[in-house]
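Dear colleague,

I am passing on the structure below, together with a short account of what was found in it. Please read the notes with the model open beside you.

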Amino acid sequence: MSEGLESYRKRAVQNLIDMGIIKRGIVAYALMKVPREDFIPEAYRNSAYVDSPIPIGWGQTTSALHMVAWMCEAAELKPGDKVLEVGGGCGYMAAVYAEIVAPPSNGRRGRVYTIEIISDLARKAEETIKKLGYADRVVVIHGDGSLGYPQAAPYDAIIVTAASPGAPKPLKEQLKIGGRLVIPIGSPHYVQELTVITRLDEESYREERLGGCVFVPLKGRHGWVREAL
Ligand code: SAM
């Protein structure tokens, strides 16, 4: 990694700490550890630590850094957690979650499942995840994540990185008791509300609205766009 990018990365993480978006050392550690520049197209490499969404091809973007940090904090990710991400994109966020739930120095080995509906994007994310040495902690799946991934359920946390009309029932049902679903709920075109749904017991859930955010629309069975795979 070039000196320049490393110092931009440090400054970006420090800004998120100063703004109160990063609250825990483990989230700062994860964002410091993962090279965002290696997940995005070469043309954007020098802008890797600008705190904004970055195009990743196929009409999609990888989320802004403050949104990545906000979602990690909202999901309360910790070492040992099993996490499902719906909307894998380029794989960057999955690598950040992996540094939190399965840091190499910690005996508690969590795992990340990330599901992406665009097959070429899923393939590319899987290549990068392998190249950077995350394949032992991150599983990339091509599929409709609005249905969750029951094969590995239940999860400590499910993070949806696309705008949803509501909280899909399969995702709520795939949470552990005490597990958290972090999901942008609202219009596919404008602003959504970042929402945390905590499973209290078999039947009941608590919902908290954290604030406004902007995401691309969730596709699939429980999304805004009923796109066939
Ligand atoms: N987390 C990603 C990253 O680290 O780059 C950014 C995700 S991007 C904001 C949203 C992604 O959700 C897009 O790549 C889009 O193709 C994907 N998506 C939309 N609907 C989906 C669905 N039903 N299942 C899986 N992925 C979906």
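**Helix packing, ligand and backbone**

In helix 2, the residues I26, V27, Y29, A30, L31 and K33 meet Y92, V96, E99 and I100 of helix 4, where contact means heavy atoms within 4.5 Å. By class, this contact of helix 2 with helix 4 has 8 nonpolar, no polar and 2 charged residues.

This is a predicted model, in which local features need pLDDT of at least 70 and side-chain atom pairs count only at pLDDT 80 or more, whereas totals for chains, interfaces and linings use all residues. Residues are numbered from 1 along each chain as its sequence is written, and side-chain values use heavy atoms, with hydrogens and water left out.

Helix 2 (residues 25-33) and helix 4 (residues 92-101) pack at an angle of about 130 degrees, and their axes are 8 Å apart.

Around the ligand there are 25 residues, the closest being T62, E116, D144, G145 and K219, with a residue counted if one of its heavy atoms lies within 4 Å. An oxygen atom of the ligand is 2.7 Å from an N or O atom in the side chain of E116, while a polar side-chain atom of D144 lies 2.9 Å from a nitrogen atom of the ligand.

Two backbone features deserve a look. The peptide bond from A153 to P154 is cis, with omega near 5 degrees, and P154 sits in the loop between strand 5 (138-142) and strand 6 (155-160). W58, in the loop between strand 1 (54-57) and strand 2 (60-62), has a positive phi of about 55 degrees although it is not a glycine.

How values were computed
Axes are lines fitted to C-alpha atoms, for helices over the stretch in contact, and angles run from 0 to 180 degrees between N-to-C directions. Helices (H or I, at least four residues) and strands (E, at least two) are DSSP runs, numbered from the N terminus. Ala, Val, Leu, Ile, Met, Phe, Trp, Tyr, Cys and Pro count as nonpolar, Asp, Glu, Lys and Arg as charged, and the others, Gly among them, as polar. A polar contact is a pair of N or O atoms within 3.5 Å; within protein, one must be able to donate a hydrogen and the other to accept it, and residues adjacent in sequence count only if both atoms are side-chain atoms.
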